[in-house]
Amino acid sequence: MRNREPLARACGSALFRTAFLLLFAAAAFASDQGEGSKYSLDQGTQFIKTYCAACHSGKSPAGNFRAAALFPQTSFHDNSETWSKVIFRVRNSEMPPKGMPAPSVDEREQFSNWAQSALHVEACADGIFPGPAPIRRLTRAQYGATIRDLLNLHVDAGSALPLDGAGGEGFDNAAETLFISPIHAEKYLDAAKLALDSAAKDPRSRARFLIAHPGPGVSRDTAARIILSEFLPRAFRRPLQSGELASYLQLFHAASKRGDSFDEAVLFALRAALMSPQFLFRSENPNPAPNMRPLDDYALASRLSYFLWDSMPDSLLMALADKGKLKDPEILTGQVARMLRNTKSFDFAQSFVEQWLRTRDLGKSIEPDTGLFPAWKDAELQGDIRYQPILFFREILASDLSVLNLLDSDFTIATRKLQKLYGLNVKQFKDSQPTRIDLPPNSNRGGLLGMSAVLAVSSHPQRTSPVLRGKWLLETILGTPPPPPPPNVPPLEEGAAAASQTVRERLALHRANPVCATCHARIDPMGFALENYDVMGKWRTEEAGKPIDAKGQLPDGTSFDGPAELKAVLLERKDVFLRNLTNKLLGYALGRGLTLQDSCTVDAIVEEVKRNDYRGDVLINAIVLSIPFRFQAGAVPDAKTTLSADNMKEDHTTPR
Amino acid sequence: MLFCTLAISAAVAADLNGIWTGQAPGRRGAKDDIAFQFKVTRAGSITGKLFGDESDLPIEEGSLVGDKLKFSITKIDYYSGAKVKFLYSGTIAGDQIELTRERVVKPDEESQSEEPTKQKFMLKKLVS
């Protein structure tokens, strides 16, 4: 019997998690191109002997790491954490160190792709595990939305809270970054007071939570008990535990004793509830059993609602949880469909899309130079640009469409102003509302790549950048980021001297430097194909008085000219895109970084989506029905009672 | 005879108890998700609620006779604060209910409404 501990430990490592996704995505990309299968264990061993063994062998190996430990095939299981570090450092040119014989970029990639694939196979051999479910604080957005739904109060109570950093798969809902600081405690107190004071003054909100009042036949105590009994389970997103109601009633009594009015005393107790860990944190009852088990229905309701609404469960989800029915896959998928149709799913679409595509900072830290692009001064157009990819994503989910529409589509979401910016004349808009429109042939506006938000966020304020756009595509769409640039890379020449040259011409000079050439051969071509779009995404045919050259050629010889041909190339690699999107969505849904073992879940989800015409609703359902989303890990990491990938499929209900 | 009537009512009532969901006609041709929780008393009256986005609304004036049910829901318009009453009536057939919703129109607002006052839709039993 093999010991699972090294793998389990590796899966918990932050470095491993970071390395894993980048590397596995790259491995998937390579595998798609047939590279992974060509590499053998002998070649991998030879690579280590050539580039690592000189320092990492002998009596005092550098870093106390012996390269020979990686030679046997079993090392992928026994030394998985070490392997992940090696792959990360080789791929990012951190190893071998400067001055030692170094592999080429191609050699690095082939080695790291092969090793990552081997790690993946090893991790999936024992089936699918739920993975960690760390306790996490509500994000700023989740706090605001939860207060809104709890109090029926349309005031953003979370706006004064500190900004959350990104973690995990690049999202601010990742548990590993949702720490709490002294400033949080102070701000939570302010936010709770603001929320409850505002709610107490709003008749609609009062009616939602101040549901009892002392009067004839109703004592102060009884009225407070009615209010707290209704409010606390909603705030804590589960039934009350023994003694919880009594402790908040004590606060009410203490406030009453000091002379507070009924309202003041109730608000005092409610303020304490909004400051409590039970409200501010999402935690699940620990699983003391050795084996994995299904989440309880209330925890599942919270996972579901914070995934698809960024807010607390509504009363229907809670009623289904009360009846213990939410975990029924048929009911669960029905609720997913309902939740996606609900307007609250806009919050999910916005949060996910803006962080995935990095358009959240558009109009804040990133924006076109209004001197060169005066159209950006129009605040309404700015809003239209920012919302277009969000509404487009939502349309794909709501209408059960293929996620490949994100790469190219025959429709988009437009407004009157966007239509004008894009040079389209498809629809007579009666108002400024965004609407789905069918695109004419050769419009160059299908999919994400024809959208201003994406094109602006991957440009410099003054000019387009094939490098930024190429890098954005590799990272965001394909999940295959290029290695970081070497230090002291000179910037492209700007100003008057460069004005007579196109960006392509200036980049050609940059690529003349052989240090830069290898990586830019991967990065730039895709960016060149988008050169017909200016910084704001407006179509252009000339730059610096010369015709736009939108031709590109990838290192494998694949060539294209312009966005339409680029999108055709991306569609040929649709499974690489789907895996990347699945990684992102699963990481977002779980609110944590993915581990190597999660890649087995990703495999199952990707296959399910491929079998169902790449439909977005199927992707969401497959995530919700996945083991990591619905189950809780056992207390013993190497417990053998686990679900295999086949069992998991049986447990799936084929989505609508 | 009385015993038989009570027995039949009880049998049907057992079918109505639970959570029922469907899609009701919404604004501008859209469909809105709708869900009810019904509880039937021994006397044949219906209690429960309409699940709401902002708050749940209690079922009022509910009754069940044979397979026919009737009840009302009073909503408060978010913007105007005005009360709007809806009458519901329908027939249970197995795990489905064909329901008719009728908005009680006040004399002075009839001309302002864009939507029909009477709409039909189906509910399906989700859980007992």
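Into which domains is chain A divided? In this predicted model, local features need pLDDT of at least 70 and side-chain atom pairs count only at pLDDT 80 or more, while totals for chains, interfaces and linings use all residues. Residues are numbered from 1 along each chain as its sequence is written, and chains are lettered from A and ligands numbered from 1 in the order in which they are written.

Chain A comprises domain 1 (5–124), domain 2 (129–133 + 284–342 + 590–656), domain 3 (137–162 + 177–282) and domain 4 (356–484 + 496–571); the bounds come from an automatic or database domain assignment. Between the C-alpha centres of domain 2 of chain A and domain 4 of chain A the distance is 35 Å. Their contact (C-beta atoms, placed from the backbone, within 7 Å) takes ten residues from domain 2 of chain A and eight residues from domain 4 of chain A. On the domain 2 side, α16 (329–341) and α27 (616–624) of chain A each supply at least two residues, and α27(A) gives the most, with four residues. Helices are DSSP runs of H or I with at least four residues, numbered from the N terminus.

The largest nonpolar core has 152 residues, of which A:I605, A:L619 and A:I623 touch the most other members. Such a core is a set of buried Ala, Val, Leu, Ile, Met, Phe, Trp, Tyr and Cys residues joined through C-beta atoms within 7 Å, a residue being buried if 20 or more other C-beta atoms lie within 10 Å of its own. Helix α25 (residues 574–590) of chain A gives the most to this core, with nine residues. Another core, of 34 residues, lies apart from it and includes A:I147 and A:M312.

Technical notes
Buried ≥ 20, exposed ≤ 12 C-beta atoms within 10 Å, placed from the backbone. Contact = placed C-beta atoms within 7 Å.
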